[in-house]
Amino acid sequence: MKELLNLEHINFKYEEKYHALKDISVKIYEGERIAVLGKNGAGKSTFFLCCNGVIKPESGKIFLKGREVLKKDISMLRQAVGLVFQDPDSQIIAGTVENEISFGPMNLKLNRDEVIKRVQYSLKKMNLTGYENRPPQYLSGGEKKRVSIADILAMKPDMILLDEPTASLDPENVEILEKTLNDLTSAGIALVVSTHDVDFAFRFANRAIVFCMGEVILDADVNHVFSSDDILLKAGLKKPLIYSVTEMLKERFVFSNSKIPRTLEELQNFIK
């Protein structure tokens with residue numbers, strides 16, 4: 001896989017005695033689906049802000065596609081690595097959906113035809129066609145979330161960071177969001193999701209990065225992460241419901257299939 005982002009020995013402190021990030025080294029590759037897990041205050045949001053260039057690490061280096069990101073390259077980093085905040089209202093600023101999505105491309109000083117092309121592409125991808133003239137503040141929470149992702153898509157990113165994307169969404173909108181993320185992965189965009197929802201993380205991710213007190217305590221395949229009881233205890237995490245049910249079934253019965261199901265449909269097939 002092609003390397004997109006490489007963080008080497010990143011350190012950051014908000015206060016003299018409070019290390020938000022301690023010696024973080026992480027590589028992210030094209031098309032990956034990664035869940036970032038940990039308690040509140042573990043360093044997940046600070047990690048995202050460093051990845052996107054919102055904050056500058058006190059020490060360490062960041063590489064984008066093999067090239068070190070210097071101060072003059074921050075705008076390039078922010079274009080390549082989009083960040084979707086937990087609360088869409090903190091990100092949405094324009095009076096209509098169309099103006100909102102066109103804001104980023106216009107700031108890149110692209111020609112009008114290219115801006116229109118990107119806006120139409122983003123609207124279609126996020127199932128927002130027909131919403132162009134609607135005021136974002138009157139949309140539902142799920143619709144606002146899709147608008148905030150469309151904002152980032154219009155910048156043609158290689159990677160999108162999503163902070164608690166399922167927060168405040170009802171089950172129907174969570175399902176729509178998951179389908180949207182699947183479509184983005186198919187387009188080759190790397191997706192990194194910070195979440196407390198371990199069930200969603202298990203369905204969504206192939207890899208998980210676990211933070212605890214500013215450190216990465218495990219970066220591995222998602223199945224390996226949720227089988228590591230000591231890591232889960234240290235990070236204050238629980239196992240996904242389907243994972244726990246599968247473990248109980250394996251204790252009682254013998255299965256020829258050792259693969260852990262991740263969705264309800266897969267669990268049903270596993271039992272059959």
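Before the first entry, a term: the helices I name are DSSP runs of H or I with at least four residues, and they are numbered from the N terminus. I also kept in mind that this is a predicted model.

**Entry: two loop residues**

I began with K109, which I found in the loop between α3 (97-107) and α4 (112-125). K109 has a positive phi of about 60°, although it is not a glycine. Is K109 buried or exposed? I read a relative accessibility of 74%, so K109 counts as exposed.

Then I turned to N127, in the loop between α4 and α5 (141-153). N127 is also a residue other than glycine with a positive phi, here near 55°. Its relative accessible area is 57%, so I noted N127 as exposed.

**Entry: the sheet**

Next I followed the strands. In what order do the six strands of the open sheet run? I wrote down β6-β7-β8-β3-β9-β10, and the pairing is mixed. The edge strands are β6 and β10 (215-221), each of which pairs on one side only. Neighbouring strands in this sheet are turned by 15° against each other on average, with direction ignored.

**Entry: strand β3**

I stayed a while with β3, residues 33-37. On one side, β3 pairs with β8 (residues 190-194) in the parallel sense over four bridges, and I34 stands opposite V192 in β8. β3 also pairs with β9 (residues 207-212), again parallel and over four bridges. In that pairing, V36 stands opposite I209.

Where do the side chains go? I reminded myself that in a regular strand they alternate between the two faces of the sheet. In β3, R33, A35 and L37 point one way, while I34 and V36 point the other way. Five of the five residues of β3 are buried, so this strand is largely enclosed by the rest of the structure.

I then went to β6, residues 81-84. β6 pairs with β7 (residues 159-163) in the parallel sense over four bridges, and G82 stands opposite I160 in β7. V81 and L83 point one way from β6, and G82 and V84 the other way. I noted that all four of these residues are buried, even though β6 is an edge strand.

**Entry: two helices side by side**

How do α10 and α11 pack? I found α10 (residues 241-252) and α11 (residues 264-271) at an angle of about 10°, with their axes 11 Å apart. That makes α10 roughly parallel to α11. From α10, the residues I242, V245, T246, L249 and K250 meet L264, L267, F270 and I271 of α11. I sorted the residues of this contact into seven nonpolar, one polar and one charged.

**Entry: cysteines**

Last, I looked for disulfides, which are covalent bonds between the sulfur atoms of two cysteines. How many does the structure hold? I counted zero.

C51 is in no disulfide, and the nearest cysteine sulfur, that of C50, is 7.1 Å away. C51 has 0% relative accessibility, so I put C51 down as buried. For C212, the closest cysteine sulfur is again in C50, at 18 Å, which is too far for a bond. C212 counts as buried too, at 11% relative accessibility.

How values were computed. Residues are numbered from 1 along each chain as its sequence is written. This is a predicted model: local features need pLDDT of at least 70, side-chain atom pairs count only at pLDDT 80 or more; totals for chains, interfaces and linings use all residues. Side-chain values use heavy atoms; hydrogens and water are left out. Axes are lines fitted to C-alpha atoms, for helices over the stretch in contact, and angles run from 0 to 180 degrees between N-to-C directions. Angles under 35 degrees count as roughly parallel, over 145 as roughly antiparallel, 65 to 115 as roughly perpendicular and the rest as oblique. Contact means heavy atoms within 4.5 Å. Ala, Val, Leu, Ile, Met, Phe, Trp, Tyr, Cys and Pro count as nonpolar, Asp, Glu, Lys and Arg as charged, and the others, Gly among them, as polar. Buried means under 20% relative accessible area, exposed over 50%, partly exposed in between (1.4 Å probe, protein chains only). Two strands pair if DSSP finds at least two bridges between them. A disulfide is a pair of cysteine sulfur atoms within 2.5 Å.
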